[in-house]
Amino acid sequence: DAGVRLRGAMSERSGLVIGTTRVSRESADALLRSIDDRGLRQLSAPMFSRMVLNAPVGACAKQLALKGPMTTISTGDASGLTAIAVAAHLLAARGDLDRAVAGGVEEDRRAPEPTTSEGAVTAVLATEPPAGARPRIRLAGWALAGPDDVAAAVRRARPAAPDAVIDLLVGGPAPGVAARRTLIPELRGGAAASALGLAIAVAALRRGDVCSALVVSEPDASIACALWLVAED
């Protein structure tokens with residue numbers, strides 16, 4: 001959907017970083033059914049191989065021909081946003097990577113009343129913007145902090161302008177952050193929900209509604225994450 005076409009060397013220089021909070025419930029149910037039907041000695045090997053968190057990411061990388069760095073992040077409800085921050089770090093730190101697909105995915109089909117929002121939200125991060133892209137959306141800063149410590153993550157993500165008023169805050173709450181407008185995605189927790197905050201911020205920046213946006217994870221017992229974006233001509 002991002003309109004990115006990967007061919008030849010581009011595949012070698014493109015990575016995939018995805019956040020999730022649990023293994024696929026559909027795969028887990030299929031494995032249990034195979035055990036019930038065949039016993040432990042003859043359980044389904046394909047279903048067993050899908051019981052690791054990285055299995056969906058491996059399948060996706062194969063389908064999209066992504067041959068660069070690939071990993072799965074699991075840090076509670078902040079997993080999707082954290083995966084985007086990790087992808088940004090890899091792009092900045094490695095010389096063999098030009099772009100990365102990053103975001104969150106959540107599958108919760110088994111529960112009659114899911115406790116998290118099911119779906120996937122991803123973004124394509126690149127060292128250079130696509131030709132003709134205006135405005136340029138720059139990820140100006142990102143940071144992680146300890147459980148529930150959103151304030152520390154924000155301070156680290158915006159070291160050059162810690163007291164400046166930002167145009168848009170997505171997610172939260174974020175103590176001590178001065179924002180002209182605040183949006184809280186109305187989704188249940190989960191990796192996809194946290195990544196949705198970045199998509200909302202990018203959409204507002206692209207429309208020209210705001211010039212800067214801060215995306216923060218919801219309070220979580222695992223980790224806090226903050227990303228600071230700005231629009232540039």
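**The sheets and their helices**

Mentor: In this predicted model, strand E1 (residues 14-19) runs parallel to E2, the two being joined by four bridges. Within that pair, Gly19 faces Ile73 of E2. Both strands belong to an open sheet of four strands with mixed pairing, ordered E2-E1-E3-E4. The edges are held by strand E2 (70-73) and strand E4 (119-126); each has a single partner strand, so one side of each is left without a neighbour in the sheet. From one strand to the next, the twist averages 15 degrees.

Two helices pack on this sheet. Helix H4 (residues 55-64) touches E1 and E2, and its direction makes about 145 degrees with that of E2. Helix H7 (residues 191-207) touches E1, strand E3 (99-106) and E4, with its direction at about 135 degrees to that of E3.

The loop between H4 and E2 contains Ala65. The phi of Ala65 is near 60 degrees, a positive value in a residue other than glycine. Most residues other than glycine have a negative phi. Ala65 has a relative accessible area of 30%, and is therefore partly exposed.

A further open sheet has five strands, in the order E5-E9-E8-E6-E7, and its pairing is also mixed. Here E5 and strand E7 (179-183) are the edge strands; each has a single partner strand, so one side of each lacks a neighbour in the sheet. The twist in this sheet averages 20 degrees from one strand to the next. Strand E8 (residues 212-216) and strand E9 (residues 224-232) are paired in the antiparallel sense through five bridges, and Ala213 stands opposite Leu229 in E9.

Helix H7 returns at this sheet, where it lies across E5, strand E6 (166-171), E7, E8 and E9, running at about 15 degrees to E9. Helix H6 lies across E5, E8 and E9, and runs at about 135 degrees to E5.

The loop between strand E5 (136-145) and helix H6 (150-157) holds Asp148. Asp148 is not a glycine, yet its phi is positive, at about 65 degrees. With 46% relative accessibility, Asp148 counts as partly exposed.

Finally, as to the aromatic rings, a search of the whole structure finds zero aromatic pairs. The ring of Trp228 does have a charged residue over its face: Arg158 lies there, at 5.4 Å from the ring centre.

How values were computed
Residues numbered from 1 in each chain as written. Predicted model: local features only at pLDDT ≥ 70, side-chain atom pairs only at ≥ 80, totals over all residues. Heavy atoms only, no water. Pairing = 2+ DSSP bridges. Axes fitted to C-alpha atoms, helices over the stretch in contact; angles between N-to-C directions. Contact = heavy atoms within 4.5 Å. Phe/Tyr/Trp six-rings, centres within 6.5 Å; stacked < 30°, edge-to-face > 60°. Lys NZ or Arg CZ within 6 Å of the ring centre and 35° of its normal. Buried < 20%, exposed > 50% of the residue type's maximum accessible area, 1.4 Å probe, protein only.
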